[in-house]
Structure formats: C-alpha cells, structure tokens
Amino acid sequence: MSLDAYIAGLPKAELHLHIEGSLEPELMFELARRNKVAIPFDSVEAVRAAYDFSNLQDFLDIYYAGARVLLTEEDFHDLALAYFRRAAADNVRHAEIFFDPQTHTDRGVPFGVVAEGLLAGMKRAERELGVTSKLILCFLRHLDEHAAFDTLHQAEPWLDRIEGVGLDSSEIGHPPSKFQRIFERAGQMGLKRVAHAGEEGPPEYVSEALDLLHIDRMDHGNRSMEDEALIERLAASQMTLTVCPLSNLKLCVVKDLKDHPVPEMLRRGLHVTLNSDDPAYFGGYMNDNYRRLAEAVGLTREQVTRMAKNSFEGSFLSGGERAARIAEVEAYGAGG
Ligand SMILES: Nc1ncnc2[nH]cnc12
Ligand SMILES: [Zn+2]
C-alpha cells in the first residue's frame with residue numbers, strides 16, 4: 001500500500017480546527033445570498049484568488065470578513081455539518097473544534113445562536129457520520145480581558161456542552177499574560193485550557209502559556225524549537241502540540257514545507273499531532289496536511305501512525321473512549 005493510501009485509511013482525531021476557517025467559498029456565496037449580505041467578490045474563483053497571505057494578520061482580516069455571512073442557527077449548523085462531512089471523508093473519527101464567539105456577538109449575533117447551531121451540527125454529524133466532537137470557545141487575543149470575561153459570562157448556559165477555552169487571533173503584541181485571570185477562572189469552572197502559542201510569537205509566549213495559563217494542550221508551538229530548555233520541557237511533560245503544516249506554509253511561518261519543524265519535533269520526542277487549522281483558506285483538510293508534509297520531508301509510516309495515535313492521546317475524550325480509539329490506530333498500523 002502506498003503511504004497516501006495508508007494515510008487515507010488511518011483513523012485520526014483533529015484537534016486544531018477553527019470552524020469559521022472551514023467556510024468554503026461556495027458556502028460563503030450561498031449564505032451571502034440566503035442572508036442578503038454583500039460580499040466584496042463576484043465569484044468563487046475571485047474569493048480563492050484573494051487567499052494569498054504574507055502573515056497571520058493578512059489572513060485574519062479576510063477570515064473575519066468572510067464570517068459576516070454567518071447569521072442564523074441554520075448557518076452555523078450547515079457550516080459545522082459541511083466540515084464534518086469533509087473530515088469524515090478523511091477518516092477523521094473525532095474532532096475538537098474551535099469557535100470564535102466574539103466575531104459573531106460583536107456583530108449582534110447572539111451567543112446562543114452560534115452555540116446552538118454548532119451543537120446541532122455536531123450532534124447530527126455523530127448520528128449520521130459517526131464522528132464524535134467537542135467544542136472549544138476561543139477568546140480573541142486582540143480584544144481585552146474584559147471582553148473575554150463578558151464572553152465567558154454569555155456562555156454560561158452552554159458551559160455543560162463546551163469542553164474548554166482557547167486563545168487565538170493576532171499573537172504578536174498579545175502575550176498569554178494578558179489572559180492569565182480569565183484562564184484561571186476557566187480552570188476553576190472545570191474547563192480545559194488550550195492556547196495558540198509560538199505560531200508567530202516568540203518562545204517566551206510558549207513559556208507564558210505553560211506557566212500562566214496552565215494549558216492542557218498547545219496550538220502550533222513551532223517557535224518552541226528556538227529554545228533548547230523549552231524543547232526539553234515539552235518533551236518531558238509530553239505536552240500535545242497541534243501542528244498545522246499547510247497553515248504554516250500559507251501564513252509564511254515556514255518558507256517551504258521542506259523546512260517544516262515536524263521531523264525535528266518528532267526526533268526530539270515531542271508529542272506532535274497534525275491538523276488543518278483553517279482548511280478552506282489554507283488549501284487542504286486533514287489528509288492533505290499528512291500527505292503533503294510526508295512528501296516534503298519524507299515521513300515514514302511509523303511517524304505518521306505515531307502522530308495519529310498522539311491525536312487520540314492528546315484529545316479530551318474520556319479514558320475508555322480514548323483507549324478504544326488508540327487501539328483502532330494500533331490495529332490499523334499492525335495490519336497496514
Ligand atoms: N492560525 C490561526 N492563528 C491564530 N488565530 C487564528 N484564528 C483562526 N486561525 C488562526
Ligand atoms: Zn489556529
């Protein structure tokens with residue numbers, strides 16, 4: 001079996017996926033029409049042509065503009081279901097998806113519309129596709145602490161169906177320390193904690209995410225590789241890193257996939273997973289990330305299997321479910 005075919009059949013969990021970043025141009029047009037929202041493009045091709053980014057902020061400007069077509073519960077349901085259908089085709093068996101409530105509540109869309117729509121899409125995906133999922137509420141780090149507290153307050157009626165909190169948006173200039181108190185509060189409420197760190201920001205932000213936010217998992221973490229002590233710390237603690245190769249390429253975090261740090265991360269014993277981040281904007285879903293990275297850096301079947309196993313180990317599935325999914329990866333690896 002070729003490595004591509006092996007990757008296609010491998011059971012995987014996706015741990016770093018912004019649901020708003022799975023909005024394909026076709027659905028963007030459909031929702032713009034349905035909701036009578038103007039968008040500054042006249043064709044799907046024109047939208048795709050605009051996806052040429054030189055850094056994170058370039059992308060975020062377009063990503064937040066695209067999200068303006070999302071208005072109703074049905075829109076959020078359709079967005080989620082479209083993602084799960086695409087993920088299921090890549091044999092993603094479990095996904096822990098981020099959403100950015102402030103992007104919507106700041107436009108007047110109530111928190112409940114966003115949450116109910118996404119939760120309905122997640123439930124349907126489990127019923128119809130067998131893909132399980134969890135929801136992670138991300139605070140936008142370019143906004144202030146007060147806005148984050150306000151968002152957590154709005155989320156209260158849904159917190160029994162929200163697994164954890166995350167931190168995303170513009171990293172440089174918005175260090176984890178800015179959100180220490182809201183993460184402390186989330187921890188007291190029993191929520192899991194994750195944060196984007198070391199995507200564009202320096203290794204110090206990674207250390208802050210560990211020391212001040214007490215994260216359970218780290219999103220990206222690329223720039224940890226600049227600090228020897230940090231590499232050793234991440235390896236010793238087996239902190240899960242949700243790495244996103246095609247995102248890193250599109251946002252110029254790496255110049256070429258051949259330069260991607262994943263092989264070195266694996267060599268140093270880091271607990272790496274592969275993920276798609278914002279697949280509609282970055283040109284590939286889960287299997288594209290595995291395949292294109294494997295081709296560029298020459299990953300082995302063992303490395304690929306290791307990362308799929310890591311994805312279930314690093315998930316927030318409960319012990320029994322997690323063990324069962326890990327056993328599936330092992331059985332596939334043994335038979336493949
Ligand atoms: N890659 C990324 N980094 C930070 N914030 C984001 N929001 C959506 N995608 C993101
Ligand atoms: Zn991300």
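## Strand β1 and its setting

Seven of the seven residues of β1 are buried, so this strand is largely enclosed by the rest of the structure. A residue is termed buried if 20 or more other C-beta atoms lie within 10 Å of its own, exposed if 12 or fewer, and partly exposed in between, with C-beta atoms placed from the backbone. Strands (E, at least two residues) and helices (H or I, at least four) are DSSP runs numbered from the N terminus.

The model is predicted: local features need pLDDT of at least 70, side-chain atom pairs count only at pLDDT 80 or more, and totals for chains, interfaces and linings use all residues. Residues are numbered from 1 along each chain as its sequence is written, while chains are lettered from A and ligands numbered from 1 in the order in which they are written.

## The sheet

The open sheet contains eight strands with parallel pairing, in the order β1-β2-β3-β4-β5-β6-β7-β8. Because β1 (12-18) and β8 (271-274) stand at the edges with a single partner strand each, one side of each is left without a neighbour in the sheet. On average, neighbouring strands are turned by 25° against each other, direction ignored. Strands are paired if DSSP finds at least two bridges between them; β1 and β2 (residues 92-99) run parallel and are joined by five bridges. In β2, A95 is the bridge partner of E14, and H94 is that of A13.

Helix α16 (residues 301-313) packs on the sheet and touches β1, β7 (240-243) and β8, its direction making about 95° with that of β8. Such angles run from 0 to 180 degrees between N-to-C directions, the axes being lines fitted to C-alpha atoms, for helices over the stretch in contact.

## Annotated domain and binding site

UniProt, in an unreviewed entry, lists residues 11-330 as "domain: Adenosine deaminase". Over residues 11-330 the chain is 50% helix and 15% strand, with the end C-alpha atoms 10 Å apart. UniProt positions follow the numbering used here, feature names are shortened, and annotations may be inferred rather than shown by experiment.

The UniProt annotation "binding site", also from an unreviewed entry, covers H16, H18, H196 and D277. These residues are spread over 262 residues of sequence, yet they cluster in space, the largest C-alpha distance being 11.7 Å.

H16 is located in strand β1 and counts as buried because it has 29 C-beta neighbours inside 10 Å. Contact requires C-beta atoms, placed from the backbone, within 7 Å of each other; leaving aside residues up to four places away in sequence, H16 touches D219, T242, C244, N275 and D277. D277 lies in the loop between β8 and α14 (279-282), and is buried, with 30 other C-beta atoms within 10 Å.

## Ligand 1 and the annotated active site

Ligand 1 is surrounded by H18, G21, L56, Y63, D168, S169, H196, E199, S247, D277 and D278, a residue being near a molecule if its C-beta atom, placed from the backbone, lies within 6 Å of it. The shell comprises two nonpolar, five polar and four charged residues. Here Ala, Val, Leu, Ile, Met, Phe, Trp, Tyr, Cys and Pro count as nonpolar, Asp, Glu, Lys and Arg as charged, and the others, Gly among them, as polar.

The UniProt annotation "active site" (unreviewed entry) covers E199. E199 is found in the loop between β5 (192-197) and α10 (203-211) and counts as buried, with 23 C-beta neighbours inside 10 Å. Not counting residues up to four places away in sequence, E199 touches L56, E171, H220, N222 and V253.

Technical notes. Contact = placed C-beta atoms within 7 Å.
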